Amino acid sequence: MAHNQSSERIVVGVDGSEQARQALRWAARHAELTGAAVEAVMAWEPPFSGWGGDVSVAEDRELGLLAEKVLAENIDKVLGAEPRVDVRARAAEGTPAQVLLAAAADEDVALLVVGSRGIGGFAGALLGSVGQHCAQHAPCPVVIIRGRGPLTRRSDDPITR
């Protein structure tokens with residue numbers, strides 16, 4: 001990993017969707033330009049049984065470990081094994097909007113970056129509920145990545161080369 005040239009962070013939401021991978025790609029390229037670190041954040045929630053059943057602590061821990069694994073795989077897929085920017089990964093329990101807003105609340109966060117729709121997005125929706133909630137409530141500027149632009153277009157090689 002590259003040395004961090006700035007004390008600022010860019011928080012980016014990652015949920016495994018193509019939109020989130022584009023957001024991660026954009027955040028990493030912006031971090032290269034500004035010297036900021038990237039904090040890739042994935043939210044996870046225990047399943048809801050609807051019948052008052054609880055998820056055991058062991059199952060809860062397994063869900064957290066699975067989220068960490070999926071997040072690491074997404075970072076590797078987008079940025080490669082040795083990104084040119086400082087990338088930190090954080091998987092946290094909670095709804096995506098709660099987790100992203102909590103991560104963005106830190107004083108050193110310069111930007112919050114999200115895709116326009118995640119894995120739960122309705123086809124045809126211009127902006128997902130998480131992106132909309134973050135745009136309305138984040139304590140920092142929010143960048144919402146839509147479609148493929150110059151900074152999200154995928155080349156043959158990850159940006160690490």
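**Notebook: sheet, cores and selected residues**

I began with the pairing of strand β1 (residues 9-13) and strand β4 (residues 109-115), which run parallel to each other over four bridges. Strands are taken as paired if DSSP finds at least two bridges between them. Within this pair, I noted that I10 stands opposite L111 of β4.

I record the basis of the entries here: the model is predicted, local features need pLDDT of at least 70, side-chain atom pairs count only at pLDDT 80 or more, and totals for chains, interfaces and linings use all residues. Residues are numbered from 1 along each chain as its sequence is written, and side-chain values use heavy atoms, with hydrogens and water left out.

**Overall layout**

I looked up the secondary structure and found four helices and five strands. Helices (H or I, at least four residues) and strands (E, at least two) are DSSP runs, numbered from the N terminus. From the N terminus on, I read the order of elements as β-α-β-α-β-α-β-α-β.

I checked the accessible surface, which comes to about 9,000 Å², with 52% of it belonging to carbon and sulfur atoms. The areas come from the Shrake-Rupley method with a 1.4 Å probe, and for residues only the protein chains shown count as cover. Of the 161 residues, 42% are buried. I use buried for under 20% relative accessible area, exposed for over 50%, and partly exposed for values in between (1.4 Å probe, protein chains only).

I also looked at contacts, meaning heavy atoms within 4.5 Å. Among contacts with a separation of 6 or more, 79% are between residues 24 or more positions apart.

**The sheet**

I traced an open sheet of five strands in the order β3-β2-β1-β4-β5, with parallel pairing. Its edge strands are β3 (87-93) and β5 (142-145), each of which pairs on one side only. Neighbouring strands are turned by 25° against each other on average, direction ignored. Axes here are lines fitted to C-alpha atoms, for helices over the stretch in contact, and angles run from 0 to 180 degrees between N-to-C directions.

I then followed β5. It pairs with β4 in the parallel sense over four bridges, and V114 stands opposite I144 of β5. Which residues of β5 lie on its covered face, and which on its uncovered one? V143 and I145 form the covered face, V142 and I144 the uncovered one. Helix α4 (residues 129-137) lies across β4 and β5 and runs at about 160° to β5.

**Nonpolar cores**

I searched for nonpolar cores, that is, sets of buried Ala, Val, Leu, Ile, Met, Phe, Trp, Tyr and Cys residues joined through side-chain atoms within 4.5 Å. The largest has 26 residues, and V12, L24 and V113 have the most contacts inside it. At least two residues of this core come from each of β1, α1 (18-34), β2, α2 (57-79), β3, β4 and β5. Helix α1 gives the largest share, six residues. Apart from this core I found another, of 14 residues, including L100, L101, L112 and C134.

I listed the partners of V113, not counting residues up to four places away in sequence: V113 touches I10, V11, V12, G13, A23, W26, A27, V143 and I145.

**Helix α3 and P96**

In helix α3 (residues 96-104) I found A97, V99, L100, L101, A103 and A104 buried. These buried residues pack against β1, β2 (37-44), β3, β4 and α4.

P96 also belongs to helix α3. I class P96 as partly exposed because its relative accessibility is 35%. Leaving aside neighbours within four places in sequence, P96 is in contact with A43, E45 and V130. P96 and V14 are 82 residues apart in sequence, and their C-alpha atoms are 9.3 Å apart.

R84 sits in the loop between α2 and β3. Is R84 buried, exposed or partly exposed? With a relative accessible area of 40%, R84 is partly exposed. Its side chain is joined to that of E32 by a polar contact of 2.8 Å. A polar contact is a pair of N or O atoms within 3.5 Å; within protein, one must be able to donate a hydrogen and the other to accept it, and residues adjacent in sequence count only if both atoms are side-chain atoms. R84 and R29 are 55 residues apart along the chain, with 9.2 Å between their C-alpha atoms.

Lastly, I located S6 in the segment before β1. Beyond its neighbours within four places in sequence, S6 is in contact with T34, G35 and A36. S6 and A37 are 31 residues apart in sequence and 7.3 Å apart in space, C-alpha to C-alpha.
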